[in-house]
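User: I have just opened this structure and would like a guided tour. Could we go through it step by step?

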Amino acid sequence: MKFVPYSQQSIDQNDIRSISEMMLSDFLTTGPIVDQFEREFSNYCGCEYAVAVSSGTAALHSALFAANIGPGDEVIVSPMTFSSTVNIIVFCGASPVFCDVHEDTLLIDCFQAEKHITSKTKAIIAIDYAGHPCDYDCLNSLSKQYGLVLISDACHSLGAKYKNKQVGSLADITAFSFHPAKSITTGEGGMISTNNPVYFERAKLFRNHGIDTDYKQRLTNKSWEYDICELGYNYRLTDIQCSLGISQLRKLDQFIVKRQTISSEYDKILSGLKVFTPLSKENCDLHANHLYVVKSTVRDAAFYMFRQNNIGVNVHYCPVHLFSFYRKNFGTQDGMCPIAEQAYQQILSLPIFPDMTENDMSRVVEILMMYN
Ligand SMILES: *Cc1c(COP(=O)(O)O)cnc(C)c1O
């Protein structure tokens with residue numbers, strides 16, 4: 001029986017054509033296709049600026065650099081995320097402060113977040129877990145009140161909306177990933193979006209070694225000179241990847257519709273089952289449905305049953321503060337975020353992706369039914 005993953009990219013002939021056409025152009029990287037992808041992406045998100053980078057992790061790292069997060073700073077973050085969200089805080093020399101989540105959505109609890117604010121707090125990172133945008137009204141007003149930068153980790157939520165506004169325009173800076181499991185893919189890749197011109201300029205510096213001009217500006221100025229004004233990385237995304245990104249972006253809304261259809265079908269089936277409860281989608285204008293997460297009292301048994309049947313269910317995530325690196329270096333312990341820890345015992349991500357077939361679906365449902 002074919003393996004059914006929890007998520008998978010969706011590639012068609014248009015994607016392949018876009019890549020092959022651009023392969024014969026003058027630039028494979030740092031060319032005009034990067035600018036075009038950024039322009040189309042910022043238009044889609046309804047924000048001023050976008051910067052394409054080599055991964056979602058690079059996007060988060062660039063966002064924190066742009067916001068000047070450094071040694072001595074504290075960043076409030078929820079542990080219910082992929083470890084990279086928290087690792088980049090450490091890369092910047094800052095300390096993560098873990099804030100618990102809401103039981104029904106596993107999104108950061110804005111009222112809990114306020115209790116973690118100290119004189120060292122510099123930023124909050126909000127994770128749109130599973131594709132459900134966080135409570136941005138509450139998070140924005142909290143950030144304004146205390147002079148914090150609000151960073152959105154929207155690696156799950158590209159295409160989602162909050163109060164009729166597109167994700168990417170809801171926080172001071174937003175980070176996206178184009179890993180094949182996410183809403184759209186460039187193989188590896190990422191993007192930051194912002195309305196702040198200073199954050200925009202700093203992210204561009206960070207992507208390219210901290211060099212203050214690009215080769216196009218040097219060409220125009222007829223000069224070889226440049227300055228290194230900050231310490232940066234090579235976080236560039238190639239024109240090859242951006243051409244795939246442009247082609248994928250045009251299909252994003254269709255992808256979301258397909259994910260929604262699968263999600264509604266699960267909702268219907270699960271409403272009749274006692275041992276699996278989906279996360280709440282309340283107060284969500286448009287959910288990106290990156291993950292379809294259920295809580296279950298028989299999670300472990302169900303996990304092994306799915307895997308035995310070649311269905312790639314997964315657990316997203318082990319709360320980051322429980323990893324030994326964080327225990328050793330930041331003194332985190334069991335019991336610090338009880339709701340996230342409790343959820344971790346019960347959560348399971350069922351397969352959901354645009355090309356999922358009816359046959360894939362019935363194989364998943366058949367196993368769900370065994371526990372009815
Ligand atoms: C995927 C993901 C990342 C990292 O993105 P990469 O492109 O794999 O570096 C960060 N945060 C969350 C929530 C993610 O799902």
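**A strand pair and its sheet**

Analyst: We may begin with one residue pair in this predicted model: T277 has K295, in strand 12, as its bridge partner.

User: How many bridges join strand 11 to strand 12?

Analyst: Three bridges join them, and the two strands run antiparallel. Strand 12 covers residues 292-296.

User: Which strands form the sheet, and in what order?

Analyst: The sheet is open and has three strands in the order 11-12-14, with antiparallel pairing. Strand 11 (276-278) and strand 14 (347-350) are at the edges; each has a single partner strand, so one side of each has no neighbour in the sheet. On average, neighbouring strands of this sheet are turned by 40° against each other, direction ignored.

User: What holds paired strands together in general?

Analyst: Strands of a sheet pair through backbone hydrogen bonds, in either a parallel or an antiparallel manner.

User: Which helix packs on this sheet, and which strands are touched?

Analyst: Helix 10, residues 252-270, packs on the sheet and touches strand 11, strand 12 and strand 14. The direction of helix 10 makes about 20° with that of strand 12. Helix 11, residues 299-308, lies across strand 11, strand 12 and strand 14 as well, and runs at about 30° to strand 14.

User: Let us change topic to strand 6. Is strand 6 buried or exposed?

Analyst: Five of the five residues of strand 6 (residues 149-153) are buried, so the strand is largely enclosed by the rest of the structure.

User: Which way do the residues of strand 6 point?

Analyst: V149, I151 and D153 point one way, while L150 and S152 point the other way; all are buried. In a regular strand, side chains alternate between the two faces of the sheet.

User: Is the pairing of strand 5 with strand 6 parallel or antiparallel?

Analyst: Strand 5 (residues 121-127) and strand 6 run parallel and are joined by five bridges.

User: Now a single residue. Where is C92 found?

Analyst: C92 is in the loop between helix 4 (84-91) and strand 4 (95-98). With a relative accessible area of 12%, C92 falls under the 20% limit, so this residue counts as buried.

User: Which residues does C92 touch?

Analyst: Leaving aside residues up to four places away in sequence, C92 touches H61, L64, I69, G70 and P71. The C-alpha atoms of C92 and L64 are separated by 7.4 Å, although these residues are 28 residues apart along the chain.

User: What kind of peptide bond joins H316 and Y317?

Analyst: A cis peptide bond joins them, with omega at about 10°. Y317 belongs to the loop between strand 13 (311-312) and helix 12 (324-330).

User: What is the phi of N164?

Analyst: N164 has a positive phi of about 70°, although this residue is not a glycine. The loop between strand 7 (161-162) and strand 8 (165-166) contains N164. N164 is exposed, with a relative accessible area of 64%.

User: And what is the phi of N310?

Analyst: The phi of N310 is near 65°, again a positive value in a residue other than glycine. N310 lies in the loop between helix 11 and strand 13, and is partly exposed, with a relative accessible area of 29%.

User: To finish, how many helices and strands does the protein have?

Analyst: The protein has 14 helices and 14 strands. Its radius of gyration is 21 Å, close to the 21 Å given by the globule rule for 372 residues, so the protein is as compact as a globular protein of that length. The C-alpha trace spans about 70 × 55 × 35 Å along its principal axes.

User: What share of the residues count as buried?

Analyst: Of the 372 residues, 56% count as buried. The protein exposes about 16,500 Å², and carbon and sulfur atoms supply 51% of that area.

Key:
Residues numbered from 1 in each chain as written. Predicted model: local features only at pLDDT ≥ 70, side-chain atom pairs only at ≥ 80, totals over all residues. Heavy atoms only, no water. Pairing = 2+ DSSP bridges. Helix = DSSP H or I, 4+ residues; strand = E, 2+ residues; numbered from the N terminus. Axes fitted to C-alpha atoms, helices over the stretch in contact; angles between N-to-C directions. Contact = heavy atoms within 4.5 Å. Buried < 20%, exposed > 50% of the residue type's maximum accessible area, 1.4 Å probe, protein only. Rg over C-alpha atoms; globule rule 2.2 N^0.38 Å. Areas by Shrake-Rupley, 256 points an atom, 1.4 Å probe, with all protein chains shown as cover.
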